[in-house]
Amino acid sequence: MDEIGIALLGGGVRGAAHIGVLQALNENNIFPNRVSGTSAGSIIGVLYCAGHTPKDILKLSHEKAFLKIFKIGFFK
């Protein structure tokens, strides 16, 4: 099995753009099995590594409880 790694950046809500990157990779049969991340990227990475698909993560990201994670960064 090939090792494929990806690094996901932070940046609050901008970090959520990684959901689309993961979706595009998966659509092309590329499934990273090594994931690292910072800030928002780490949250997306944890969800992906826990077995959630990018579509699941996107759906989850629209839930009010999930958005509270990013609320702190908006008001600083």
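**Entry 1, strands.** I worked from a predicted model, and I began with the pairing of strand S1 (residues 5–8) and strand S2 (residues 34–37), which run parallel and are joined by four bridges. Looking for the partner of Ile-6 in S2, I found that Val-35 takes that place. I then followed the chain from S1 through helix H1 (residues 17–27) to S2, and I noted that these elements make a right-handed β-α-β unit.

I next looked up how H1 packs with H2, and the angle came out at about 35°, with the axes 10 Å apart. On the H1 side, the contact is made by His-18, Ile-19, Leu-22 and Asn-26, while H2 supplies Gly-41, Ile-44 and Tyr-48. Sorting the residues of this contact by class, I recorded four nonpolar, three polar and no charged.

I turned to helix H2 (residues 40–49) and helix H3 (residues 54–61), whose axes come within 9 Å and cross at roughly 130°. H2 and H3 are therefore oblique to each other, and I noted the crossing in which H2 passes H3 as right-handed. The residues that meet here are Ile-44, Leu-47 and Tyr-48 from H2 and Pro-54, Ile-57 and Leu-60 from H3.

How values were computed
Residues numbered from 1 in each chain as written. Predicted model: local features only at pLDDT ≥ 70, side-chain atom pairs only at ≥ 80, totals over all residues. Heavy atoms only, no water. Axes fitted to C-alpha atoms, helices over the stretch in contact; angles between N-to-C directions. Helix = DSSP H or I, 4+ residues; strand = E, 2+ residues; numbered from the N terminus. Parallel < 35°, antiparallel > 145°, perpendicular 65-115°, else oblique. Left-handed = near helix turned anticlockwise from the far one by under 90°. Contact = heavy atoms within 4.5 Å. Pairing = 2+ DSSP bridges. Right-handed = clockwise from strand over helix to strand, strands pointing away. Nonpolar A, V, L, I, M, F, W, Y, C, P; charged D, E, K, R; others polar.
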